[in-house]
Amino acid sequence: MAEANEIDLSQYPWRNNEAIAFYKGIANHNVHLYFMNSHFFDPTSNNGVLKTQSQYQAGLEELVRKRDTFEARLRTMAGVEYVVVEEPPEGKEMLNPVWVIRKQERRKEQGKEDELRLLGTYYVVGENIWQAPSIADILKSRMLSITSAMTSFFSLASSLPLYSPVQGHYYLSPSAILSAKKAAGTESRGQSLDPGTPVPSVANSVSGAKALQDTDDDLRLLGESLRLTAAHGSEYMDENPLRGEPGNFVFASSTEHLRAQQQAQQAKAQAAAAAAVSAASSLPSRTNTPLPEIKTQGLEQAKKGLKGGEKSPVSAGPPKLKRKKTGKAPGDTSPT
């Protein structure tokens with residue numbers, strides 16, 4: 001008994017060809033009888049008690065065979081019971097019909113409705129019976145899968161990062177990538193020089209070059225992702241972040257507030273652009289600056305004096321001496 005209890009029956013479906021042949025197929029009226037033969041059935045339940053009593057009382061044998069009267073009798077009893085809660089439509093042929101059987105504990109209290117506590121769920125799919133896992137089992141399986149994957153990831157990633165004073169932390173050095181490419185090229189050339197080896201096709205060389213290119217792209221994307229994480233790991237780039245707690249998230253701002261904020265920013269930008277244009281137009285231009293006026297009254301008067309209209313005043317001073325003209329004597333003749 002101890003070994004049987006340690007076996008997890010939810011991992012093993014149940015099927016009995018002899019019972020299927022005896023009941024001449026599984027249907028809505030005999031699915032509860034077929035379930036009583038499986039290893040999921042508890043003989044100490046109310047269903048098992050009525051089945052045991054029907055072997056010694058002739059009146060109960062017909063009660064157990066009819067499912068409606070059998071389930072009605074179960075509702076009058078307190079304790080553990082198995083009830084069919086879902087079934088395929090009657091008269092419709094299906095390849096694999098599904099029945100849902102629920103194991104529950106019924107508690108009765110005078111003057112109150114019956115209290116039901118769910119203990120398990122089972123599925124009859126065609127002629128196979130499965131036990132539905134509980135939510136705790138599902139979460140346990142998912143957490144185990146996540147933990148195993150994270151453990152293998154950290155064990156693999158712990159050996160990848162390297163450190164050097166020049167480059168800092170890195171995963172694959174450029175020299176290692178270059179040496180790997182050279183080794184691949186040397187190997188391909190060495191194989192082509194051997195007379196016994198076939199010459200690699202163009203498709204193989206193209207696929208090899210594409211693989212190297214994909215490796216370079218992956219390394220570049222990895223480095224870029226790590227750089228962005230280190231630079232912006234604690235920043236939120238959403239202009240309308242969420243606030244609250246799981247199950248009660250709300251937006252920090254409404255749509256109208258964001259629209260008004262965007263319009264204010266646009267108006268501010270337009271005002272700055274208009275101020276810049278007005279400042280540029282107020283600057284003096286070289287081509288449009290008027291020349292200063294030059295007073296030409298003195299020049300006009302000087303021009304008139306030169307033309308003879310008015311004589312310029314003579315400056316005061318001692319009178320000039322007049323020269324006397326010397327005449328020729330009567331007898332004097334000029335030499336020839």
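To start with one of them, is arginine 106 buried or exposed, and what is its relative accessible area?

Mentor: Happy to. Arginine 106 is buried, because its relative accessible area is 8% and buried means under 20%, with exposed set at over 50% and partly exposed in between (1.4 Å probe, protein chains only). Before we go on, keep in mind that this is a predicted model, in which local features need pLDDT of at least 70, side-chain atom pairs count only at pLDDT 80 or more, and totals for chains, interfaces and linings use all residues. Residues are numbered from 1 along each chain as its sequence is written, and side-chain values use heavy atoms, with hydrogens and water left out.

Now to the partner of that arginine. Side chains of opposite charge can pair when their charged atoms come close. Here the side chain of arginine 106 forms a salt bridge with that of aspartate 114, at 3.1 Å from N to O; the term asks for a side-chain nitrogen of Lys or Arg within 4 Å of a carboxyl oxygen of Asp or Glu. Aspartate 114 has 30% relative accessibility, so it counts as partly exposed.

Aspartate 114 also meets lysine 108 in a salt bridge, this time at 2.8 Å from N to O. Lysine 108 is partly exposed as well, with a relative accessible area of 39%. If you widen the view, you will find a network of salt bridges that links Glu81, Arg106, Lys108 and Asp114. So aspartate 114, at 30%, and lysine 108, at 39%, are both partly exposed members, while arginine 106, at 8%, is a buried one.

There is another pair worth a look. The side chains of glutamate 105 and arginine 117 come together in a salt bridge of 2.6 Å, N to O. Glutamate 105 belongs to strand 2 (residues 98–107) and arginine 117 to strand 3 (residues 115–125), so this pair ties together parts that are 12 residues apart in sequence. Strands here are DSSP runs of E, at least two residues long, numbered from the N terminus. With a relative accessible area of 18%, glutamate 105 is buried, whereas arginine 117, at 41%, is partly exposed.

Methods. Helices (H or I, at least four residues) and strands (E, at least two) are DSSP runs, numbered from the N terminus.
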